[in-house]
Amino acid sequence: HMGGVVLEGVHGVLFRRKFFDASIFDYRGFARSCHLHDDLWLSAHLARKAIQRETLSNRFGSRPLDFGFGEDALYRGGAGSDNTKNLYLCMASLLRAAPHLWEREVRVVLVAPLLRGFGVNSRSGAAQLQKLKKKLRRK
């Protein structure tokens, strides 16, 4: 299980800019085939940041974009080859770099009261927050 779906642009995609950083353009150390598999590449970056991925497929009247099925579509060899091979090569490359990439990661948000003696500048408050973080990680 990949901890969520691989998003496909054939239905169009919508991302928040903050979901990505400069590493989205850094292919060093990854197979060249990742350049041709943007769906997998973008989904991997979201998974790395533990951002949940979901597809609406046909909910809300979503329909595939017509040009996604043209003769030049990547899955039809628009990149000069069958893109299925690129999928496997890119996936292998991603998993070599991050073997646990697709495992679901639970994100926890800590909320702490800013009371006197338990504030941002309080060493004991910071120490207590660190203890709480460690305790939550063990669960």
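Author: A residue counts as partly exposed when its relative accessible area lies between the limit for buried, under 20%, and the limit for exposed, over 50%. The model is a predicted one, and in it F15 has a relative accessible area of 27%, so F15 is partly exposed. The structure holds 3 aromatic pairs, and one of them joins F15 to F20 in an edge-to-face arrangement, with 5.0 Å from centre to centre and 85° between the planes.

Another pair is made by F30 and W41, whose ring centres are 5.1 Å apart and whose planes meet at 80°, so this pair too is edge-to-face. Because F30 belongs to the segment before α1 (38-48) while W41 sits in helix α1, the pair ties together parts that are 11 residues apart in sequence. The two partners can also be described by their accessibility: F30, at 26%, is partly exposed, whereas W41, at 2%, is buried. Together with Y27, the residues F30 and W41 form one aromatic cluster.

The segment before α1 also carries C34, which is linked to C90 in helix α2 (residues 83-97), a distant part of the chain 56 residues away. The torsion about the S-S bond of C34 and C90 is about 105°, so the disulfide is right-handed. Both cysteines, C34 and C90, are buried. The segment before α1 therefore holds F30, paired with W41 of helix α1, and it also holds C34, joined to C90 of helix α2.

Notes: Residues numbered from 1 in each chain as written. Predicted model: local features only at pLDDT ≥ 70, side-chain atom pairs only at ≥ 80, totals over all residues. Heavy atoms only, no water. Phe/Tyr/Trp six-rings, centres within 6.5 Å; stacked < 30°, edge-to-face > 60°. Buried < 20%, exposed > 50% of the residue type's maximum accessible area, 1.4 Å probe, protein only. Helix = DSSP H or I, 4+ residues; strand = E, 2+ residues; numbered from the N terminus. Disulfide = S-S within 2.5 Å.
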